[in-house]
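Please read these points with the sequence and the coordinates open.

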Amino acid sequence: MTTASLFPMFLKLEGRNCLVLGAGGVGEQKIRSLLDCGAQIRVVAPVASATVQEWAKHGSLTWLQRSFEVSDLDGVFLVVAATSDVGVNHTIYREARAREILCNVVDDPPHCDFYYPAIVRRGQLQIAISTAGLSPALAQRIRKQLEEEFPPAYASWLEELGSRREALFAAGGDPEERRQLLHRLVTQDAFTEFEPSHQSEAGKEVL
């Protein structure tokens with residue numbers, strides 16, 4: 001296993017060609033995450049879960065009901081190998097590396113160019129946790145801790161912060177004063193003031 005540090009980044013996959021090999025329970029999870037990012041997905045697998053079949057039926061992805069062929073990698077930006085055959089997965093990895101295609105072999109860290117981190121999502125706020133494949137269980141534990149620290153109201157708060165930032169830039173003014181104000185807007189005290197009003201509005205919507 002490499003000792004070099006991983007490069008953390010958030011990748012735009014909208015409209016990019018992504019390939020998933022395997023469409024069982026594990027493959028389905030990986031496919032769902034790619035769908036959420038707006039990727040163009042092709043799935044190659046002899047059999048598929050009921051959910052994957054529904055996605056294919058509704059045109060959310062293309063499912064090729066057969067085994068992997070090397071030509072499946074043509075024009076692909078990213079590939080996930082989630083078959084139940086270790087030998088096939090390793091072949092996919094070697095062929096992807098030869099073509100300089102990013103590849104993830106599920107639950108096989110030495111055969112991964114990237115890892116799926118544990119994610120805390122609050123609207124547009126995303127916090128990713130990675131242990132470089134050493135301990136996914138630890139990543140999950142940290143995720144649960146962060147979910148408690150960052151409640152769901154952060155999603156609405158971030159939207160408000162974005163709107164206020166946009167308004168401040170549109171108004172012009174002194175850049176240093178704007179910078180200081182933007183930092184005051186994101187303090188814990190500012191969120192504490194926002195949260196009750198958010199909960200009140202949510203209650204009105206329910207009623």
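1. Start with a local salt bridge. Glu95 pairs with Arg99, with 2.7 Å between the closest N and O atoms. A salt bridge here is a side-chain nitrogen of Lys or Arg within 4 Å of a carboxyl oxygen of Asp or Glu. Glu95 is partly exposed, at a relative accessible area of 26%. Arg99 is partly exposed too, at 36%. The classes are: buried, under 20% relative accessible area; exposed, over 50%; partly exposed, in between (1.4 Å probe, protein chains only).

2. Residues are numbered from 1 along each chain as its sequence is written, and side-chain values use heavy atoms, with hydrogens and water left out.

3. Confidence. The mean pLDDT of the protein is 93, and 93% of its residues reach 70 or more. pLDDT is the predictor's confidence in each residue, from 0 to 100. Contact means heavy atoms within 4.5 Å. Where pLDDT is low, the predicted coordinates should not be read in detail.

4. The salt-bridge network. The count of salt bridges comes to 8. Arg42, Arg66, Glu69 and Asp72 are linked in a network of them. Arg42 and Asp72 meet at 3.9 Å, N to O. Arg42 lies in strand E2 (residues 40-44) and Asp72 in the loop between strand E3 (62-64) and strand E4 (78-81), so this pair ties together parts that are 30 residues apart in sequence. Strands (E, at least two residues) and helices (H or I, at least four) are DSSP runs, numbered from the N terminus. Arg66 also meets Asp72 in a salt bridge, at 2.6 Å, N to O.

5. Is Asp72 buried or exposed? Asp72 counts as buried, because its relative accessibility is 2%. Arg42 is partly exposed at 23%. Arg66 is partly exposed at 26%.

6. Val79. This residue lies in strand E4. Val79 counts as buried, because its relative accessibility is 0%. Leaving out residues up to four places away in sequence, Val79 touches Leu19, Leu21, Leu73, Ile92, Ala96, Ile101, Leu102, Cys103, Asn104 and Phe114. Val79 and Ile92 are 13 residues apart along the chain, and 8.6 Å separates their C-alpha atoms.

7. Positive phi outside glycine. Glu100 is not a glycine, yet has a positive phi of about 60 degrees. Glu100 sits in the loop between helix H3 (86-98) and strand E5 (102-105). Glu100 is exposed, at 75% relative accessibility. Ala132 is not a glycine either, and has a positive phi of about 55 degrees. Ala132 lies in the loop between E7 and H4. Ala132 is partly exposed, with a relative accessible area of 23%. Please look at both backbones.

8. Leu134. The loop between strand E7 (125-129) and helix H4 (136-149) holds Leu134. Leu134 is exposed, with a relative accessible area of 65%. Leu134 and Pro109 are 25 residues apart in sequence and 8.1 Å apart in space, C-alpha to C-alpha.

9. Helix H5. H5 (residues 153-171) has 19 residues and reaches 27 Å from its first C-alpha to its last, close to the 27 Å expected at 1.5 Å a residue. The expected span is 1.5 Å times one less than the number of residues. In H5, Ala153, Tyr154, Ala155, Trp157 and Leu161 are buried. An α-helix has 3.6 residues a turn, so residues three or four places apart point the same way. Gly172 follows H5, with a positive phi near 75 degrees.

10. A nonpolar surface patch. Which residues make the nonpolar surface patch of about 350 Å²? Phe7, Met9 and Leu11 make it. Patches are made of residues with over 30% relative accessible area and no salt bridge; like charges are joined within 9 Å, nonpolar side chains (Val, Leu, Ile, Met, Phe, Trp, Tyr) within 5 Å. Areas come from the Shrake-Rupley method with a 1.4 Å probe; for residues, only the protein chains shown count as cover. Leu11 lies in the segment before strand E1 (17-21). Leu11 counts as partly exposed, at 37% relative accessibility.

Terms used. Predicted model: local features only at pLDDT ≥ 70, side-chain atom pairs only at ≥ 80, totals over all residues.
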